[in-house]
Each structure stands twice: as structure tokens, then as C-alpha cells.
Amino acid sequence: MPKYIFPQKNFCLQAYLIVRIPLFNFFMRSAWLFLLHLFSSVFLVFVKCQSAITLPTPGQPANQGNVGGFEIIGSSLVSAQQIFLGTPNTVYFIDKVENNPTRIDGHPAWASAWTLGTNAQRPMDAITNTFCAGGNVLGNGTWVNVGGNQAVTFGGQPAASQEGGGPYDDPDGRQSILLLLPCDDGNCEWALSPDQTDQRWYPTVETLPDGSVIIIGGCRNGGYVNDASQDVPTYEFFPPRGAPILSTILQNTLPVNIFPLTWLLPSGKLLIQSNWATSLLDYETSEETPLDNIPDAVRVYPASAGTIMLPLTPANNYTATILFCGGSNVQSNQWTSPQFIIPTFPASSSCVKLTPDVSGTYVQEEALPNARSMANLIALPDGTILCLNGAGLGTAGYGTQSWAIGNSYSDDPVLQPAFYNPNAAQGDRWSTEGLQSSTVPRMYHSSVTLLPDGSVLVSGSNPNPDYTVGPNVKYPTEYRTEIFYPLYYNERRPQPQGIVSQLSYGGPSFDISLNSDDLLGDVQNVKAAKVVIIRTGFSTHAMNMGQRYVELAASYTAYQVNNTATLHVSQLPPNPAIIAPGPAYVFVVVNGVPSIGVQVMLGSGQLGQQPTLPAVELPASSIVEAPSTNSSSSQLKSSAVHSSHLTVRECFTLASILFLVLLFK
């Protein structure tokens with residue numbers, strides 16, 4: 001097995017690697033200045049070549065949806081403790097080790113792949129015990145699943161052997177790193193990396209600007225909350241950069257410092273929120289800067305508030321604001337008190353915001369319509385936030401105490417979703433208007449992800465130590481899988497032409513064409529058009545690790561004569577900390593209605609420092625009566641370029657011609 005899995009490189013970048021060797025040889029016997037000019041010219045050809053590779057025009061959803069409500073689309077093979085959207089057609093499920101009826105290689109399955117559209121599924125072998133692992137995606141498109149639990153047998157009890165065997169054949173996963181390069185043909189499988197981490201149950205994983213990941217916190221043996229005897233208050237990196245490094249905030253926030261809430265900020269630092277404390281981490285220097293304590297409630301696991309970074313846009317100068325909603329107002333000494341009857345304790349409705357690159361002080365925000373712990377917050381393409389799932393009483397976790405609800409530490413499921421609009425006036429930001437309730441309680445161990453058609457897949461919920469179902473079980477192991485359809489779902493979708501397959505950090509802009517139908521027959525609607533990038537994230541325990549929404553800078557040239565328009569779109573801001581490299585989805589949104597999202601690669605598609613180029617100034621926006629002859633001709637040429645897919649031979653030929661011309665001129 002290779003040490004790391006890398007996806008196929010961009011064709012034009014492959015051509016660059018071919019050209020690089022003769023360039024280097026020539027450099028050894030040529031003038032520096034000439035070679036610099038030569039290299040920069042060839043590099044610009046590759047940048048332009050890369051940007052000319054466009055994706056097919058997105059179409060319309062295959063079916064109409066239950067707008068504002070849910071539809072059960074089937075039952076998963078494993079319960080959805082962790083899920084992520086691996087390709088536009090495939091969602092991957094990962095469960096804790098338990099006695100799922102679906103089998104693989106002679107033991108219960110605890111991983112699977114779900115094909116969207118057909119709802120076909122296949123079991124997968126997750127190799128080790130992935131119970132309460134963290135995850136994210138590397139900058140080369142490989143997904144990582146980090147840590148987990150020791151090997152267990154029936155009822156979640158420790159197995160006699162930590163090497164596998166027995167009824168579940170689930171080797172110890174606490175030091176494991178699993179890798180998956182997603183596919184749609186059913187031929188990809190989880191692979192075990194030869195590298196290991198410290199023992200980590202409940203670690204947080206965040207992708208960094210170079211496409212590697214940082215792995216933060218956890219514990220060695222589990223339990224409802226952490227304790228000093230098993231604490232792992234450190235962070236480390238994958239690919240490895242050396243021994244784990246102690247973290248002050250994690251050392252000081254027992255007993256609730258596992259799954260610390262973490263975001264990469266545009267400044268390049270990390271925001272970490274744990275128990276009541278908040279800190280900025282400069283992971284390059286290992287320096288931590290304390291910020292204010294979070295007010296009103298504990299937000300980290302097991303209080304499990306809903307958390308999300310609000311959209312990063314040109315209007316807010318790509319300044320990160322983090323929203324925290326719900327959780328539980330539990331003091332540190334209360335978590336382990338015998339008098340703490342968890343499923344009777346009310347969840348919080350408090351919402352607060354923090355803009356850590358600007359201020360270390362939290363700001364009160366409009367409260368949730370319903371108090372809840374274990375809420376999921378999902379960024380929708382229209383710029384709103386969907387809140388769903390969770391419970392009005394208790395927290396995450398399960399156990400065998402007499403006061404548990406079966407095994408559940410939570411009760412009173414919150415079934416109605418809500419929308420948060422960050423651009424609405426104060427008092428109008430939360431709304432439940434037009435939204436229907438689910439019929440499936442989604443509490444501990446449920447997960448959610450945005451899908452390319454703008455709907456939201458919801459699955460899981462399993463507050464039990466092992467597979468538990470039956471008519472007398474109030475909160476069973478849940479396999480029913482739903483789709484939630486946002487209010488825009490059945491609207492006619494824009495079908496933009498010209499979306500490029502790979503975006504650079506800075507560099508030349510590109511054009512996207514919208515026809516009259518895309519603009520609803522009114523050219524003025526171009527003013528309400530935007531191009532957004534969404535990383536959907538790795539969903540587990542009320543978090544979507546790595547989830548992010550970035551709006552690209554854009555201007556437009558629109559034509560009244562035929563109600564068409566061209567969007568002039570900037571590449572990514574020239575700062576990989578705004579949105580980390582790797583796979584993501586592009587949506588073109590007109591009047592709040594998104595196109596079908598198309599998968600693109602952000603950055604180079606490789607691990608390492610990402611090339612950055614200056615941002616190109618866009619032309620001023622304008623609406624004109626009709627295109628001039630020259631502009632019409634240019635538009636035709638642009639359409640011709642954007643409608644073709646350059647092959648590796650074409651990329652190589654372009655570069656070779658330029659190389660020879662410059663070499664012998």
C-alpha cells in the first residue's frame with residue numbers, strides 16, 4: 001500500500017512536470033534573467049490552460065422534493081455516526097463497531113457507501129474501530145478518519161484481543177489513520193496508513209493551508225467526559241511533523257475538552273473553544289493567546305452546541321465570524337456529580353458570535369427558536385444556515401444508569417428545523433416559517449451533510465452501546481435516512497456555463513454565462529447573482545469538521561436585448577487560510593436559487609505550500625442594451641474556449657510551442 005494516496009493530477013500540471021526537467025537542464029547553462037522570463041511565461045500558460053478546463057453545464061434536480069420538509073429515502077447499512085460527501089454521487093457512512101445486521105468479510109459492517117439518485121449501497125471494511133473518530137479531507141482529495149476506540153465485543157465491552165478477531169474483528173483504532181480516495185465505481189476501499197497518532201478517542205481534525213491536517217485533543221479510554229488519567233491535551237499533524245505538542249487550553253479545560261471546537265481562520269491561526277475557554281493557536285510557533293470565555297453555555301461535546309463559520313464574502317472582506325447556538329449551561333464540577341440527572345437538564349437556546357481575527361469578545365445573537373443540544377448547523381448555497389436535529393433535554397452520551405432513557409442521556413427530540421439568515425435584521429434572523437417537522441428523532445450519533453442538488457441528507461441517531469432495536473426501545477439504533485428539501489428546491493435552477501474544474505489562489509479571472517432562463521427572463525436579476533464555494537465537511541457529533549462557505553468576487557456584463565449575462569469571476573482570494581485546498585462544490589446562485597453544485601479542486605491538488613498569484617481586477621459591472629460587434633465576437637471566442645476540455649496533449653503542445661519559441665528566438 002502506498003504511504004499516501006494521491007488523486008490523478010490535473011492534466012495541465014502533468015504537462016508542467018514533463019516540461020520541468022528540460023527547463024532545469026537549460027537553466028544550468030543559461031542566463032538567469034532569460035530563464036526567469038521563460039519559466040514565468042510557461043507557468044502563465046499552465047495557469048491559463050488550467051483555467052480553460054471547464055465542467056459540464058449543471059442541469060436540474062432529477063425529482064421534485066417535499067419543499068420545507070423531509071422524505072425518508074431508505075435505510076442505511078450502518079448507522080450514520082460519521083458521514084461525508086465523497087463525490088457528487090456518493091456519501092460515505094461510518095459507524096461505531098456494533099452488531100449491525102449487514103456483514104462484510106465475516107464480521108458486522110461499520111462502514112458503507114450510499115449512491116445518490118439510485119440509493120444503492122455497498123458495505124465497506126473500516127479496518128479498525130472508528131468509534132468517535134474525527135475526520136476531514138486533505139488538499140489532494142484524500143479523506144482521513146483519525147483515531148477511534150479500542151477493540152470491543154458485544155455491548156461495547158473491551159475485547160480480549162486488541163489485534164482483531166472475535167465476534168467483531170475490530171482492531172484498536174485509537175492510533176489509526178484511515179485513508180480513502182472516493183470513487184463512484186465501487187472499487188475504492190479504506191486503507192490503513194503506516195503512520196500513527198497518539199491514542200485519540202474524540203479528536204478534532206482541521207485542514208490547514210498546505211492541505212495537511214492538524215489533529216487536536218481526545219482521550220485514551222473514553223467515558224462520558226474526560227479526566228486527567230486519560231487526557232491527551234496535545235495536537236499533532238498528518239502527514240507527521242514530529243512529536244505531539246502540549247496545548248494550554250486543553251490542559252486547563254477538563255473535564256469537557258474532547259472534540260474541541262476548532263476553525264482555521266483567515267489570519268492563519270486556529271480558533272479553539274473548549275469547555276468555557278477560548279484561545280487562538282499559532283500552530284507554527286505553538287503560541288496560544290487566550291480570548292474571553294464563552295457566555296451562557298458550554299458548547300463543546302457532550303453539551304454539543306451547533307457551531308459554524310458564517311459565510312466569508314467580499315462584502316465582509318473575508319472576515320471570519322463563528323456562530324455558537326445551543327449547548328448546556330453546566331459548570332465544570334457538575335459533569336461528574338451523582339446529582340446531575342442528565343436527561344432532565346434543559347438545553348440552552350443561547351446564540352453567541354465571535355470574530356476572533358478582530359476581537360476576542362463574544363457578541364450576543366438572536367436566540368434559537370427551540371433550545372437544543374446536538375444541533376447541526378449546515379451552510380446552504382443561498383447563504384442561510386439550516387439548523388436541525390438535537391434534543392431539548394440532556395446532552396450527548398449514553399449509559400446504564402436508572403435515570404437514562406433506555407441508554408440515552410437526552411430526551412425530548414427537537415424535530416422542527418429552522419433557518420438562520422445572517423443578513424436579516426436583528427429579531428428576524430431565525431425563522432421556522434414554511435418548515436415541517438421530521439418524524440425521526442435525531443440525537444446522539446446522528447449526522448448531516450449538504451448534497452450537490454442543494455438538499456440535505458440526514459441520518460443516524462444511536463444512543464446505545466450496541467445494535468439496539470425493538471418496539472419497546474424509545475431511541476433505537478437508527479438507520480432511516482432522510483432528505484430535507486430547502487425552500488428553493490423545486491425552483492427552476494440556473495444552468496451556468498463556464499465553471500472551471502480547478503481554482504487557484506489568485507490569478508486570472510474566468511467567465512460564467514447565464515442565459516435568459518437562468519435570469520428568469522429579467523436581466524436585472526443578474527444583480528442578485530453570486531458564485532459560492534462550499535466545503536461540506538466531515539459530519540460527526542453535531543460538527544461538520546472543515547465545513548466552509550466562501551463567495552467569490554464577481555462583476556457582470558448583462559444585455560437587455562436578450563436578458564443574458566456574463567459573470568466575471570475572480571479566482572479564490574490569494575490566501576489558502578480563507579478556504580483550505582482540496583475538493584469543494586461551486587454553486588451559482590440567482591435570486592436565492594442555487595444551481596446544482598459541481599465538484600472542483602481548490603488549489604494545486606497536492607499537499608504542500610499552495611502557489612498564490614495576485615488577484616486580477618475585475619471589469620466594472622454594467623447592463624447594456626446589446627453587445628457590440630467586437631464584444632459579441634469576443635463572447636463567441638470565450639464560449640468556444642470554455643465549452644472545450646483541453647487534453648493533456650493540448651496542454652503539453654501549448655507549453656512546448658512556447659518553450660521552443662522562447663528558446664530559439
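This is a predicted model: local features need pLDDT of at least 70, side-chain atom pairs count only at pLDDT 80 or more; totals for chains, interfaces and linings use all residues.

Student: OK. Which residues touch the most other members of the largest nonpolar core?

Tutor: Tyr202, Phe324, Trp335, Leu503, Ile533, Leu567 and Leu602 do, in a core of 104 residues. A nonpolar core here is a set of buried Ala, Val, Leu, Ile, Met, Phe, Trp, Tyr and Cys residues joined through side-chain atoms within 4.5 Å. Buried means under 20% relative accessible area, exposed means over 50%, and partly exposed is in between (1.4 Å probe, protein chains only). There is also a second, separate core of 50 residues, which includes Ala80, Ile385, Cys387 and Tyr489.

Student: Take Leu602. What does it touch?

Tutor: Leaving out residues up to four places away in sequence, Leu602 touches Leu503, Tyr505, Ile533, Leu572, Ile579, Ala580, Pro581, Gly582 and Ala584. Contact means heavy atoms within 4.5 Å.

Student: Now strand 42. Is it mostly covered or open?

Tutor: Mostly covered: strand 42 spans residues 582-590, and nine of its nine residues are buried. Strands (E, at least two residues) and helices (H or I, at least four) are DSSP runs, numbered from the N terminus.

Student: Which strands does strand 42 pair with?

Tutor: Strand 36 (residues 529-535) pairs with strand 42 in the antiparallel sense over six bridges, and Ile533 has Val586 as its bridge partner there. Strand 44 (residues 598-602) also runs antiparallel to strand 42, joined by five bridges, with Tyr585 opposite Gln599. Then strand 43 (residues 593-594) pairs with strand 42 over two bridges, again antiparallel. Two strands count as paired if DSSP finds at least two bridges between them.

Student: Switching topic: what's the strand order in the six-stranded open sheet?

Tutor: The order is 7-6-3-2-37-38, with antiparallel pairing. Strand 7 (121-124) and strand 38 (543-545) stand at the edges with a single partner strand each, so one side of each has no neighbour in the sheet. On average, neighbouring strands of this sheet are turned by 25° against each other, direction ignored. That angle comes from axes that are lines fitted to C-alpha atoms (for helices, over the stretch in contact), and angles between N-to-C directions run from 0 to 180 degrees.

Student: And how do strands 3 and 6 pair?

Tutor: Strand 3 (residues 90-94) and strand 6 (residues 111-115) are antiparallel over five bridges, and Thr90 stands opposite Thr115.

Student: How many aromatic pairs are there?

Tutor: The count comes to 27. Rings of Phe, Tyr and Trp (its six-membered ring) pair if their centres lie within 6.5 Å; planes under 30 degrees apart are stacked, over 60 edge-to-face, and the rest tilted.

Student: Why is the Trp403 and Tyr409 pair tilted?

Tutor: Their ring centres are 5.3 Å apart and the planes are at 45°, so the pair is tilted. Trp403 is partly exposed at 23% relative accessible area, whereas Tyr409 is buried at 4%.

Student: Which residues form the ring cluster?

Tutor: Ring pairs link Phe131, Trp201, Tyr202, Phe259, Tyr301, Tyr398 and Tyr444. The charged end of Lys96 sits over the ring of Phe131, 5.8 Å from its centre. That call needs NZ of Lys or CZ of Arg within 6 Å of the ring centre and within 35 degrees of the ring normal.

Student: Tyr202 again! What's its phi?

Tutor: Tyr202 has a positive phi of about 70° although it is not a glycine. Tyr202 lies in the loop between strand 11 (191-192) and strand 12 (204-207), and counts as buried at 3% relative accessibility.

Student: Last one: where are the cis peptide bonds?

Tutor: One joins Phe238 and Pro239, with omega about -5°, and another runs from Leu254 to Pro255, with omega near 5°.

Key: Residues are numbered from 1 along each chain as its sequence is written. Side-chain values use heavy atoms; hydrogens and water are left out.
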